[in-house]
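Biologist: I would like to go through a model feature by feature, beginning with the aromatic rings. Please show it.

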Amino acid sequence: MKIKKSVKWLAAISLWAAWPVYAESALQTYVNQLKTFSADFEQIQPDETLFETYPSSGYFKLQRPGKLVWHYLKPESQKIVVDGVNLWVQDDDLEQVTVRSIDDIKAEIPLSWLLYDEPIEDRFTIIPAGNRKGMEWFNLQPKAATYFQSIEIGLKDGQMKEVWMYQSSDNVTRVRFKNIKMNQSIPGSEFVFILPQNFDQVGQPR
């Protein structure tokens with residue numbers, strides 16, 4: 001698009017400069033008002049070895065700041081718990097639990113932008129990604145290197161409907177939420193991890 005008059009260029013530049021501020025405000029406002037979030041999820045993840053997608057499903061519960069449960073139910077059971085201090089990964093197939101301090105891996109948690117009270121812009125550049133599928137999208141570019149290149153969040157009617165995690169342009173994990181409940185009470189016991197009987201534990205909690 002060509003704009004001949006300098007005044008139009010100035011107007012356009014002012015508009016473009018305002019976009020990240022708007023994106024930050026819309027996404028940050030959503031996060032700021034969120035206390036708890038629970039939903040069922042469907043996840044599609046590429047399998048690079050088989051050249052096909054790998055579907056899974058389960059439920060997700062979050063309590064800000066710093067606590068979440070991400071439980072895969074299908075096709076195999078795996079439970080991830082962040083209790084505020086530690087991250088626990090329970091693999092039912094292996095009958096094994098791995099635990100690590102959150103301080104060691106906080107930057108690697110794809111939902112860390114949602115989990116903690118710090119402003120999103122502290123660790124991400126927020127870029128408006130337009131409207132598609134009836135949702136308003138925001139792209140988060142990490143300011144420090146992580147295993148994912150970027151994250152996209154789709155909002156609709158004041159709710160987080162989808163999250164896409166890009167490891168590369170052709171390696172995208174897509175998560176869709178349904179049966180969403182926001183800011184409803186969740187018992188604190190949901191975020192307390194209890195080691196199942198006869199499971200091996202790798203690592204020590206803080």
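Modeller: This is a predicted model. Its rings form eleven aromatic pairs. In the pair of Phe60 and Trp70, the ring centres are 4.9 Å apart and the planes stand at 50°, so the pair counts as tilted.

Biologist: Which strands do Phe60 and Trp70 lie in?

Modeller: Phe60 belongs to strand β2 (residues 52-63) and Trp70 to strand β3 (residues 67-74), so the pair ties together parts ten residues apart in sequence. Both residues are buried. As for how to read such a pair, a pair of aromatic rings is described by the distance of the centres and the angle of the planes.

Biologist: Which aromatic cluster includes Phe60 and Trp70?

Modeller: One cluster is formed by Phe37, Phe41, Phe60, Trp70, Tyr72 and Phe177.

Biologist: Which charged residues lie over rings?

Modeller: Two cases can be given. Arg132 lies over the face of Trp137, 4.0 Å from the ring centre. The charged end of Arg174 sits over the ring of Trp164, at 4.4 Å from its centre.

Biologist: Now the nonpolar core. What is the general idea, and which residues touch the most other members of the largest core?

Modeller: In soluble globular proteins, nonpolar side chains tend to be buried together. Here the largest nonpolar core has 37 residues, and Phe37, Trp113, Met160 and Phe177 touch the most other members. Leaving aside neighbours within four places in sequence, the contacts of Met160 are Tyr30, Phe37, Trp113, Leu114, Ile153, Gly154, Leu155, Phe177 and Ile180. Another core, of nine residues, lies apart from the largest one; Val69, Val81, Val97 and Ile186 are among them.

Biologist: How should I read the chain as a whole?

Modeller: Start with the secondary structure, which comes to three helices and twelve strands. Of the 206 residues in the protein chain, 36% are buried. Among contacts between residues at least 6 apart in sequence, 46% join residues at least 24 apart. The chain exposes about 11900 Å², and carbon and sulfur atoms supply 53% of that area.

Biologist: Where is Ser77, and which side chains does Ser77 join by polar contacts?

Modeller: Ser77 is in the loop between β3 and β4 (78-83). At a relative accessible area of 25%, Ser77 is partly exposed. Its side chain makes a polar contact of 3.4 Å with the side chain of His71, and another of 2.6 Å with that of Asp92. With residues up to four places away in sequence left out, Ser77 touches His71, Tyr72, Gln90 and Asp92.

Biologist: Which backbone atom does the side chain of Thr146 reach?

Modeller: The side chain of Thr146 reaches the backbone oxygen of Phe148 at 2.7 Å. Thr146 is in the loop between β8 (135-142) and β9 (150-156). Beyond neighbours within four places in sequence, Thr146 is in contact with Ala107 and Glu108.

Biologist: On to the backbone. Which peptide bonds are cis?

Modeller: The bond from Arg64 to Pro65 is cis, with omega near 0°, and Pro65 lies in the loop between β2 and β3. The bond from Lys74 to Pro75 is also cis, again with omega near 0°; Pro75 lies in the loop between β3 and β4.

Biologist: Which residues other than glycine have a positive phi?

Modeller: Lys133 is one of them, with phi near 55°. Lys133 is in the loop between β7 (124-132) and β8, and at 47% relative accessibility it counts as partly exposed. Asn198 has a positive phi of about 75°. Asn198 is in the loop between β11 (171-182) and β12 (200-202), and with 64% relative accessibility Asn198 counts as exposed.

Conventions:
Residues are numbered from 1 along each chain as its sequence is written. This is a predicted model: local features need pLDDT of at least 70, side-chain atom pairs count only at pLDDT 80 or more; totals for chains, interfaces and linings use all residues. Side-chain values use heavy atoms; hydrogens and water are left out. A nonpolar core is a set of buried Ala, Val, Leu, Ile, Met, Phe, Trp, Tyr and Cys residues joined through side-chain atoms within 4.5 Å. Buried means under 20% relative accessible area, exposed over 50%, partly exposed in between (1.4 Å probe, protein chains only). Contact means heavy atoms within 4.5 Å. Helices (H or I, at least four residues) and strands (E, at least two) are DSSP runs, numbered from the N terminus. Accessible areas come from the Shrake-Rupley method with a 1.4 Å probe; for residues, only the protein chains shown count as cover. Rings of Phe, Tyr and Trp (its six-membered ring) pair if their centres lie within 6.5 Å; planes under 30 degrees apart count as stacked, over 60 as edge-to-face and the rest as tilted. A charge sits over a ring if NZ of Lys or CZ of Arg is within 6 Å of the ring centre and within 35 degrees of the ring normal. A polar contact is a pair of N or O atoms within 3.5 Å; within protein, one must be able to donate a hydrogen and the other to accept it, and residues adjacent in sequence count only if both atoms are side-chain atoms.
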